[in-house]
Each structure stands twice: as structure tokens, then as C-alpha cells.
Amino acid sequence: MKGFLYGVGLASLVLFSACSGGNGPGAGSCDPVGQGTLQVSIGGLPPGVSARVGVSGPGFSQVLTASQSLSLGGGSYTIAVKKTTSPVDASTVVRTAYAGTSDRSQVCVRNNETAQVTVTYSQIPSSSKLWTNNRPPKSAGDPPTHGYAGVSLLASGTVAETVGAGTVSSRDLTFDADGNLWVIGGTTVDPNLARYPAGGLGTSGSKTRDRSININGISCSPGPARLAFDGGGNLWVSVPCADKVVRVGAAQLEASGSVTPGVEITGLDGPEGLAFDGSGNLWIANAGAKRVVKFNASRLGASTSGPDLTIESKTPGPVIGTLDATLLAFDASGNLWVVDFGGNVLYRLSSSDQSGNGSKTLTPAIQVSVPVSALLEGMAFDEGGGLWISYSAGKFARLSPSQLAMGSSPGSPTVPERVIEGGNLGYANAIVFYPAPAGLPLFHRLP
């Protein structure tokens, strides 16, 4: 019995020490008394890049941008390491993103003592690149997904890919907030959705997906078409062959397997591109009907049918026709840009155009015609407000902000200010940057 009591006492002492918030074995409880020092050492960032390390505790909260020694009142403090990015200048296309780790998330500051925390940052490998899926590849053996370094996109010309993802075949792609690549399976034997972790996207070669998800209730061919995350991390998927859009919840994306969508939007006609605005409303390119439709954020928690707003867009005279709607993207000013694939036109729906309920017909004030050789399968805005589009065979291109503001007509198409040719690129399809620019309503943006 005496040995048993001794063992219980020893276990209690160890448990007390482990839960006390101390800085080392047997350090005792973390009493909020006196004044101590917290030394936060931050490494791994290149010159000019600021850290984002939150320190919070009794009566104190601050975000550190570099190593710092803090004089603090005694007590327990929380260390929160947030992602950070390279600064933006006039030539920036896409930023480099960094994620950090700390050797402890809680630290005890004691009277007249110094506590130490070490934070180490490293680049998120999928960042600082333009990504596109290669459909079809230029020749046998070419990788189906390419990543091009942002610094190589500053002038027209031929550039080499930074990453050739040899096994990432897809019909669309996007990123989550952590830089993981999500794709719609590229063949009938692939899962509907697959995730490729950010850590494996820094170099060329075969990639291994770490999540494979099949969406129940999709039996038509060719299946899902486009992807968009909402602000809560739910992934929305358009299925034009089934005339619906479905939501795969954030929790359902946490593991491989089959999932049943929690929300379905039905009553659509061949939906394609998806985009969320800054208020969380969902905009859909209802391609079969040549309309853009909006579903208010308040309705997206449950299955529904019938949009809150339907917009039909017209070409200017003298020959007036209806513009198609296949792809969508918001710019930093809240304008919604729409692709008319058949007419090789991009048009802008201003905030005023987006207002109201019911149905409306309008002629967008800005319409940009591009050469007939272009195949508008993808588009994405960059840090400078330029719009990157898929172009002709082996090429993608950038429309400058001034070109977007000016517009053009089919009789006098706009030649993009920058045309990039990929050495082994067949036809660029979806285009996406990680991270997305801070001013855009995208889940993978970073401040």
C-alpha cells in the first residue's frame, strides 16, 4: 500500500508539472506576477519580408514583424504564427507566400526570468507561380499541369515551366488557403476531386494526391466542370451535364472517400464558371441559357432553385446579340468579368449592373474582344490588376488594366500587352495564382 501511495503522489507531481505552463521540467505554475522577458527569435524570411507572429497574454496583444525582446507581465502567453508574403511593387505578378512554425504555442513568462520562443518560416512551394492545366499536352509525355515562376512572366517571350506536375490531370484546378492544389479528376477513372499537398509542388515530377473524393449523385458525363471555394472553406462544384451546382462541405474535404453534397442548386442550364463576391453571394455562369445568375448568401445554407438575379448581356449595335457566359472572375474593384467563349469577348458587369433582383437585360459598358485564335478557357487577375487568359496554342497572355478599362470591338480586337509561350504547353486551360491577390474575394488570398 505504501508503494501504491508513493506512485500516486509521483504521478500527481508529474501531471502538475506538465500542466503548469512552465518553461521546463519542474518549473512550477505560471503565476501572473512580476515582470519578465520574452525573447522571440524569427528566422527563415528573406530581407524585406515581414513576419506575422501574434503574441497575446495578460493585458497584451501584438503582432511581431521581426525578432523582438518583449518586457511583459508574468503569466501565460499564446504564440500564433500566421502566413506572410513578399511585398508588392509595380512589377509584381504574384507574391511569394511563407508559412511558419513555432517551437511552442504557449509560453510562461516569470518574474525576473527570460523565456525563449523560436519561429521558423519557409516558402510555401506552390506560391509565386502561375498554374495552368495543359489540355491537351503538346506531345506525349508532357506534364498535364504546369507552374510558371512569377518572375518569368514580366515580359513576352518563351519561358520554361518551374513545375511540371506529371500526374496531375484535371478539368479544373484551384487552391485552398494553405496552398494545396485541388483538381477535378481528368479522366473517368479519377475521383471527382483530388488534393495535391502544397509541400510537393515546388519541383517537377510525379505528384501523389493525399485526398481522393467522389461526389455521390453525379453519374452523367463528362461530370464536374468548375470549382470555387467560399469564405468558409466549402468547395462548390458546377456540373453542367446535370444542370446543377453542388457544395462539398469543409469537413467533407478533410478525408478521402465518397461524400453526399450538403447543398444542391438546381434548375440551372449547363452551369460553368463560379465566383463569390465580397458579400458571399454566389454568381454562376449559366452557360446553356447565356445568362449570369446570382444566389444570395443567405440562401446558400440549404438546397435551392431559382436565382435572385438573372442578367442577360447584349453586344452593342448596330448588330445586337446576346453574349455567352462561361467563366467568371471578380476584380479588386468588385466588377464581375465574364467570358463569352464563342464570341472571344470578355465583358464587365459593374457594381451597378450587379444590383437588384429579378431579371434584367443590359449592354455592358466595357467589352474586350480578343483575336479569334484565342481559346478563352481560363482567366485570373494578378497583383497589379492585369487579367491573365488562356490564349492560342502553347500560349497564355495578360491584358493590362488600361486595356481592360478601354475595351474594344470585334472589328478591332485587343492584342494582349504580354504573351507568354510555354515550351511544352499544348493549350492552357484553367489559370490560377497562389496566393490570390489580397483585394480579391477568393478563399486562397492572403493579406
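Author: Two strands pair if DSSP finds at least two bridges between them. The strands themselves are DSSP runs of E with at least two residues, numbered from the N terminus. Before we go on, this is a predicted model: local features need pLDDT of at least 70, side-chain atom pairs count only at pLDDT 80 or more, and totals for chains, interfaces and linings use all residues. Residues are numbered from 1 along each chain as its sequence is written, and side-chain values use heavy atoms, with hydrogens and water left out.

Reader: Okay, how many bridges join S19 to strand S20?

Author: Five bridges, and the two strands run antiparallel. Look for S19 at residues 235–239 and S20 at residues 244–248.

Reader: Which strand pairs with S19 over four bridges?

Author: That's S18, residues 226–229, again antiparallel. Here Arg226 stands opposite Ser238 in S19. S18 and S19 also make a hairpin, this time with five residues between them, and Gly233 in the turn has a positive phi of about 85 degrees.

Reader: Is S19 covered on one face or both faces?

Author: First, the general idea: in a regular strand the side chains alternate between the two faces of the sheet. Buried means under 20% relative accessible area, exposed means over 50%, and partly exposed is in between (1.4 Å probe, protein chains only). In S19, five of its five residues are buried. Leu235, Val237 and Val239 cover one side, Trp236 and Ser238 sit on the other, and both faces are covered.

Reader: What is the strand order in the open sheet of four strands?

Author: Its order is S28-S29-S30-S32, with antiparallel pairing. The edge strands, S28 (327–330) and S32 (367–369), each pair on one side only. From one strand to the next, the twist averages 20 degrees; for such angles, axes are lines fitted to C-alpha atoms, and the values run from 0 to 180 degrees between N-to-C directions. S28 pairs with S29 (residues 336–340) over four bridges, and Phe330 has Leu336 in S29 as its bridge partner.

Reader: Now the charged side chains. How many salt bridges does the structure hold?

Author: A salt bridge is a side-chain nitrogen of Lys or Arg within 4 Å of a carboxyl oxygen of Asp or Glu. The structure holds 13 of them. In one of them, Glu312 meets Arg291, with the closest N and O atoms 3.5 Å apart. Glu312 lies in strand S27 (residues 309–313) and Arg291 in strand S25 (residues 291–295), so the pair ties together parts that are 21 residues apart in sequence. Glu312 is buried at 13% relative accessibility, while Arg291 is partly exposed at 24%. Glu312 also forms a salt bridge with Lys314, at 3.0 Å between the closest N and O atoms.

Reader: Which side chain meets Asp382 in a salt bridge?

Author: Arg398 does, at 2.7 Å from N to O. Asp382 is in the loop between strand S33 (379–381) and strand S34 (387–390), and Arg398 is in strand S35 (residues 395–399), 16 residues apart. Asp382 is buried at 3% relative accessible area, and Arg398 is buried at 8%. Salt bridges that share partners join Asp382, Arg398, Glu417 and Arg418 into one network.
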